[in-house]
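Trainee: Could you walk me through how the two chains meet in this one?
Mentor: Gladly, let us look at the interface together.
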Protein chains: 2
Amino acid sequence: MGRKLEKEHMAPIAKTPSCIGIVGLGLIGGSLGLDLQSLGYQVKGLTNRPHNVSRATARGLAQEVSSDQQILQNCDLIILALPLNKLLKPNQKLIKALPKSAVITDVGSIKGPVLKVWNELHPKFVGGHPMAGTSANGVEAGEKGLFKNQPWVATPDLHTDPQALKMVNELAIQLGSSWLTTTADTHDQAVALISHLPVMVSAALLRSVGEEANQEIRELAVKLASSGFADTTRVGGGNPDLGTAMATFNTSAILRGLSSYRSSLEKIETAIIKEDWYELQKELQRTQALRPNFLNH
Amino acid sequence: MGRKLEKEHMAPIAKTPSCIGIVGLGLIGGSLGLDLQSLGYQVKGLTNRPHNVSRATARGLAQEVSSDQQILQNCDLIILALPLNKLLKPNQKLIKALPKSAVITDVGSIKGPVLKVWNELHPKFVGGHPMAGTSANGVEAGEKGLFKNQPWVATPDLHTDPQALKMVNELAIQLGSSWLTTTADTHDQAVALISHLPVMVSAALLRSVGEEANQEIRELAVKLASSGFADTTRVGGGNPDLGTAMATFNTSAILRGLSSYRSSLEKIETAIIKEDWYELQKELQRTQALRPNFLNH
């Protein structure tokens, strides 16, 4: 990552966008709209649902909101804040409405497939992933300050215009994010490990406890479950569509993670089967020592 | 469980203990001492560490604290608030100091092995497990109100004296707990599922992400990990001695849980391998629907 950062430092100062378009006004798009207006930008919002126009306007998610793609025509930076399925199969009207001179970026949580589609579609596309998120969604979800102190990962490749990258970089910094660049593949493997794998691991736990065959044990388990169980199963009880999208678009990285996970679990299970308590304790000491790394930021 | 509850309702009114002894003044013992004194009981505390006597006294964990077992001689209810290893291999001095007429109960998180040892050692032993807990331990950990609205599980069997059970029951109710009775085996299977299995599942996740072989992916994963990963790995990064004790004393129940877990995870993995997104979505819809059951209490 070091080399890429240096390259960015040498890039010319980015042009400041005079108008920013946001496509999709859900949690991420709406939050971007609120913050970007606070920063003094002119923001135009596109929503594909006509009945959301008035609500998005009332909430002040953009100075101007429309369900007509023409709203984007004078924007020089356009942020695609769409769900992955729509981002990967964009409708033709949207594609045609994007000015060739504008910088286009996205907020999708998986980057390989996005670059594959969008590098073909637009000469100034920058793959991005602001890591902020809550469980809320829809036009009511956007909130101020969502990106503050959160990572914003960009995944430039050989097709990426350095000035376009710089423009997105400066915007992310102004929003309070920590800017990171890496390859799409490294990004997708990393999010598989810290975001997608936990969903599957946690879902399987819910399944095996919630569908325990012995009714008496199952009912007691439900009564006794406390914060430890609640925490471990939170992400496994989340939005099924999101979990399915993760697996659909990041299949090989998740399978790689699951395979590594199975062998970690097998080590623990083997120690228990062998009643090798010294080995089990060593394993649990390792995991105890690993966890603080993930919290110090 | 219904039949057992009826039997308890028919039991005679329990004698109120005139003096309660607490063996071990860590989180559970210390918290019991504070609450029982608030309820008006005379409480005597035994600690095996002479240097803890003054600290426990200063914190007011009992009216009288000693490291001499003789302190228990006039108690008619004695609560063994010891770690599992000490509870299962009690020292001879302690055994001798327990009055034969007193009711003895414990707070151990696994009940089968405890009943096996203690039904032999004392005629009025009642197996119990108040589910309260924080991550704190030691003489500084005890706090007021720890048991309020938490389950207190008792595991009576054929050896259990109904009057002794009633005495523990009334005490638990006075402490604000929800009283439950079940068999030791059902209890141990249920806690394996909601408490011990999550530790192993979560530890394996920490291991496979924290020791990812590709350094670039691993370092990015550390930077990008957010609250979802933190929650899913909390119990796996906990006290290794506790995790090892769980497995040591509840081996078969944990192995049964792990085996069921493996097959749940396999279902998910198979759906992903087959790219059967309909099946995966159905699985995740099931787990989403299961989770609220564990939170409604």
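Trainee: How much area do chain B and chain A bury between them?
Mentor: Bearing in mind that this is a predicted model, chain B and chain A bury about 8600 Å² between them, with 68% of that on carbon and sulfur atoms. On the side of chain B, the residues that lose the most area to chain A are B:R207, B:L224 and B:F294, which together account for 8% of what that side buries.
Trainee: And how many residues of chain B are in contact with chain A?
Mentor: There are 88 residues of chain B in contact with 88 residues of chain A.
Trainee: What about charges, how many salt bridges are there between them?
Mentor: The count between chain B and chain A is 10 salt bridges; one of them joins B:R256 to A:E212, where the closest N and O atoms are 2.8 Å apart. As for polar contacts, the count is 21 residue pairs between the two chains, both residues being at pLDDT 80 or more.
Trainee: Which element gives the most to the side of chain B that touches chain A?
Mentor: That is α8(B), with 20 residues, and by class this side of chain B has 43 nonpolar, 29 polar and 16 charged residues.

Key:
Residues numbered from 1 in each chain as written. Chains lettered and ligands numbered in written order. Predicted model: local features only at pLDDT ≥ 70, side-chain atom pairs only at ≥ 80, totals over all residues. Heavy atoms only, no water. Contact = heavy atoms within 4.5 Å. Buried area = accessible area lost by both parts, 1.4 Å probe. Salt bridge = Lys/Arg side-chain N within 4 Å of Asp/Glu carboxyl O. Polar contact = N/O pair within 3.5 Å; in protein donor to acceptor, adjacent residues only side chain to side chain. Helix = DSSP H or I, 4+ residues; strand = E, 2+ residues; numbered from the N terminus. Nonpolar A, V, L, I, M, F, W, Y, C, P; charged D, E, K, R; others polar.
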